[in-house]
Amino acid sequence: LPLPSPKGEVPCRRLFPFRGWAGIGSLAYYISLYAVQFFHYYICILLYYHITITFLLLYFNITTMSELDKRIVTFIHEHHVLTLATCFEDEAYCSNMFYVYLEEEKCFVFTSDRETRHISDISHNLFVAGSVVLETETIGKIQGLQFQGMAFEATGDFKKKAKKAYLKRFPYAILASTPLWAVEITFAKFTNNVLGFGKKLIWKKDLLSN
């Protein structure tokens with residue numbers, strides 16, 4: 001049992017046994033002690049979080065770097081037809097079109113009439129998805145890209161660059177008067193069995209980049 005103090009107080013109920021400056025020093029000591037322990041705990045939590053996120057990113061080949069993996073870019077350039085999925089008022093729609101890819105802008109460029117269903121959808125909902133695929137029945141050669149992005153009409157200096165690139169790849173398109181459109185990639189998942197069965201390269205746009 002705790003022994004009573006001269007004043008009848010129980011010592012265990014007295015947080016700081018000293019008075020005056022000694023009490024203030026004791027209080028400062030305990031505050032600094034708990035502050036150091038809290039800071040140490042906080043740092044450990046941050047390190048654990050950082051290590052866990054880094055491990056997951058490396059394990060699933062996810063990167064938020066500004067540039068797409070060169071293997072994804074190479075695959076995109078090797079093909080010229082994409083499937084574009086749009087949605088408006090809870091109704092999904094898809095269409096196929098020729099494209100050219102601009103590496104610097106990370107954009108697919110294509111041409112379509114304003115009256116088409118997919119362009120009508122885009123005018124109401126700019127968020128789209130799509131795919132580019134290599135048709136093969138050989139499992140070891142399966143390759144395909146799935147992506148999400150934001151669609152917009154090409155204008156200004158971007159339109160000049162996009163038109164030049166598009167006509168270079170599809171010269172006969174000079175006869176068409178349809179406007180140019182683009183899809184900026186915000187997410188890409190590239191499945192490539194050539195690198196290993198079920199191998200996937202995943203990229204996300206860095207939200208802090210322009």
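1. Let's start with Phe170, which counts as buried at 5% relative accessibility. Buried here means under 20% relative accessible area, exposed over 50% and partly exposed in between, with a 1.4 Å probe and protein chains only. Tyr172, in contrast, is exposed, with a relative accessible area of 52%.

2. A word on the basis: this is a predicted model, where local features need pLDDT of at least 70 and side-chain atom pairs count only at pLDDT 80 or more, while totals for chains, interfaces and linings use all residues. Residues are numbered from 1 along each chain as its sequence is written, and side-chain values use heavy atoms, leaving out hydrogens and water.

3. Now the rings. The whole structure holds eight aromatic pairs; Phe, Tyr and Trp rings (for Trp, the six-membered one) pair if their centres lie within 6.5 Å, and planes under 30 degrees apart count as stacked, over 60 as edge-to-face and the rest as tilted. Among them, Tyr101 and Phe108 are tilted, at 5.5 Å centre to centre and 55° between the planes. Both Tyr101 and Phe108 are buried.

4. Back to Phe170 and Tyr172: their ring centres are 6.2 Å apart and their planes sit at 55°, so this pair is tilted. Phe170 and Tyr172 also belong to one aromatic cluster with Phe98 and Tyr166.

5. Finally, have a look at Lys141. Beyond its neighbours within four places in sequence, Lys141 is in contact (heavy atoms within 4.5 Å) with Leu134, Thr136 and Val194. Lys141 and Gly196 are 55 residues apart in sequence, with their C-alpha atoms 9.7 Å apart in space.
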